[in-house]
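Please examine the sequence and the structure shown below. The paragraphs that follow lead through selected features step by step.

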Amino acid sequence: GADRHHKLDHDASAIERLMVDLFLDAHREPPVRIVIDLDATDDPLYGEQEGRHFHGYYDCYCYLPLYIFCGRHLLAAKLRSSSVDAADGAKEEIARIVAHIRERWPATIIVIRADSGFCRDDLMSWCEANNVQYVLGLAGNSRLRHRLAPEMRKARAKSKRTGQPARVFADFEYRTRQSWAAKRRVIGKAEWTRGEANPRFIVTNVHAAFGAARFLYESVYCQRGEMENRIKECQTDLFADRTPTPTMRANQLRLWLSSLAYVLLCAVRRIGLAGTKLENATCGTIRLQMLKIGALVTVVSAVVGYAAAFAIVNLSPARKGHVVNLVVLPLMISPVMTAMGDAGLFWAFGSLSLFFVLFFTWRRSVRPDPVPVAPFTATTPMTAAGAELVVTEELVQGALEHEHLEDLSDVVPEVEVA
């Protein structure tokens with residue numbers, strides 16, 4: 001950019017395509033069916049950022065990012081102002097992702113799954129016109145509850161007879177008075193629990209021959225809640241909610257960088273940690289237990305000593321090497337990265353950083369165990385690995401030259417010079 005403060009540029013479309021490409025590359029063969037989850041969440045703001053708006057549901061000023069996942073694979077992370085509808089831009093994002101997937105998997109059945117915030121006629125009509133299945137939550141109203149009343153009476157009677165919560169499902173066609181363009185299949189769950197009714201509804205274009213009412217609700221729609229854990233990993237474990245810069249464009253870049261960190265850790269978990277007790281761990285657990293970085297800084301007058309220990313715990317040496325190879329692989333495909341532009345550079349820099357961490361971990365793992373040393377005392381500088389920090393005469397002399405000092409006693413009055 002022309003702004004002298006503009007230090008980093010990026011290709012937005014290349015980043016968006018990269019996340020879908022990595023998802024496709026993670027499969028050896030095209031799956032028969034995939035389920036794509038959509039959800040919106042809050043990103044609280046504490047400044048005057050562009051797009052800042054008060055959201056009544058979340059009761060704060062925030063952004064409203066849109067996340068799209070397929071299982072644990074992140075396909076899109078789009079930053080939006082919280083002044084828009086939860087489904088704003090969802091149809092365009094789904095159209096882009098589905099077109100990209102079908103370039104390589106033309107025969108795969110694609111199912112869209114989301115809560116009632118995404119039950120919009122434009123999204124459903126697009127899915128119907130493009131042979132995409134959907135299972136979406138539907139907000140209840142008086143007409144739907146009236147239609148579900150017979151099943152609710154059956155559920156209530158069953159619950160009283162057994163003393164346990166009871167469910168009865170209804171399957172019928174329904175159309176809103178104005179907002180829907182056509183009749184659609186609606187599934188109602190009549191549940192009586194804790195002495196009260198708990199009706200719920202979903203809408204779908206899956207034919208009854210391929211999905212019974214109970215199966216679509218319990219085995220398909222209710223699994224949508226797992227996506228909440230993926231969003232937690234992005235925002236809590238990898239800080240995707242840190243968007244303090246003034247412009248939305250810069251904050252979108254921050255969101256993408258956190259998203260690529262999530263993609264990288266998912267690859268480590270899927271390939272490098274397969275068969276270990278961390279193969280199903282969250283990104284936060286992997287970060288704390290596998291990428292532990294300890295550092296000790298000691299300051300003696302003008303002399304600063306820095307000691308750092310890098311350790312991957314709970315992994316065998318062979319598994320450590322596997323993880324290192326996993327991170328090195330992206331660096332070996334530089335022509336592809338060049339073709340991807342700045343998005344490829346993000347992947348390269350992230351991989352390179354993690355490679356150095358894992359490389360020094362491996363170097364440390366093949367060294368012999370350190371000789372036991374005396375217990376730590378307040379006057380004994382220690383490294384993070386437990387060895388004494390020896391201040392050599394060369395180190396002190398360098399500090400003297402930098403600070404233009406003349407007396408060693410002024411620099412290290414309590415540390416014996418080796």
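In which loop is Phe239 found? Phe239 belongs to the loop between helix H7 (226-237) and H8. The model considered here is predicted. Although Phe239 is not a glycine, its phi is positive, at about 60 degrees. The relative accessibility of Phe239 is 33%, so this residue counts as partly exposed, a class that lies between the limits of 20% and 50%.

A second residue may be described in the same terms. Asn131 is not a glycine, yet Asn131 has a positive phi of about 60 degrees. Asn131 is located in the loop that lies between helix H3 (121-129) and strand E8 (133-138). Because its relative accessibility is 66%, and exposed means over 50%, Asn131 counts as exposed.

Attention now turns to a pair of helices. Two packed helices are described by the angle between their axes and by the distance between the axes. Helix H1 (residues 12-25) packs with helix H8 (residues 248-272) at an angle of about 20 degrees, and their axes are 11 Å apart. Since angles under 35 degrees count as roughly parallel, H1 is roughly parallel to H8. The crossing in which H1 passes H8 is left-handed. On the H1 side, Ala12, Ile15, Glu16, Leu18, Met19 and Leu22 take part, and they meet Trp256, Ser259, Leu260 and Val263 of H8. By class, this contact has eight nonpolar residues, one polar residue and one charged residue.

Finally, the whole protein may be considered. The protein has 14 helices and 14 strands. Its residues number 418, and 44% of them count as buried. The protein exposes about 22600 Å², of which carbon and sulfur atoms supply 54%.

Conventions. Residues numbered from 1 in each chain as written. Predicted model: local features only at pLDDT ≥ 70, side-chain atom pairs only at ≥ 80, totals over all residues. Heavy atoms only, no water. Axes fitted to C-alpha atoms, helices over the stretch in contact; angles between N-to-C directions. Helix = DSSP H or I, 4+ residues; strand = E, 2+ residues; numbered from the N terminus. Parallel < 35°, antiparallel > 145°, perpendicular 65-115°, else oblique. Left-handed = near helix turned anticlockwise from the far one by under 90°. Contact = heavy atoms within 4.5 Å. Nonpolar A, V, L, I, M, F, W, Y, C, P; charged D, E, K, R; others polar. Buried < 20%, exposed > 50% of the residue type's maximum accessible area, 1.4 Å probe, protein only. Areas by Shrake-Rupley, 256 points an atom, 1.4 Å probe, with all protein chains shown as cover.
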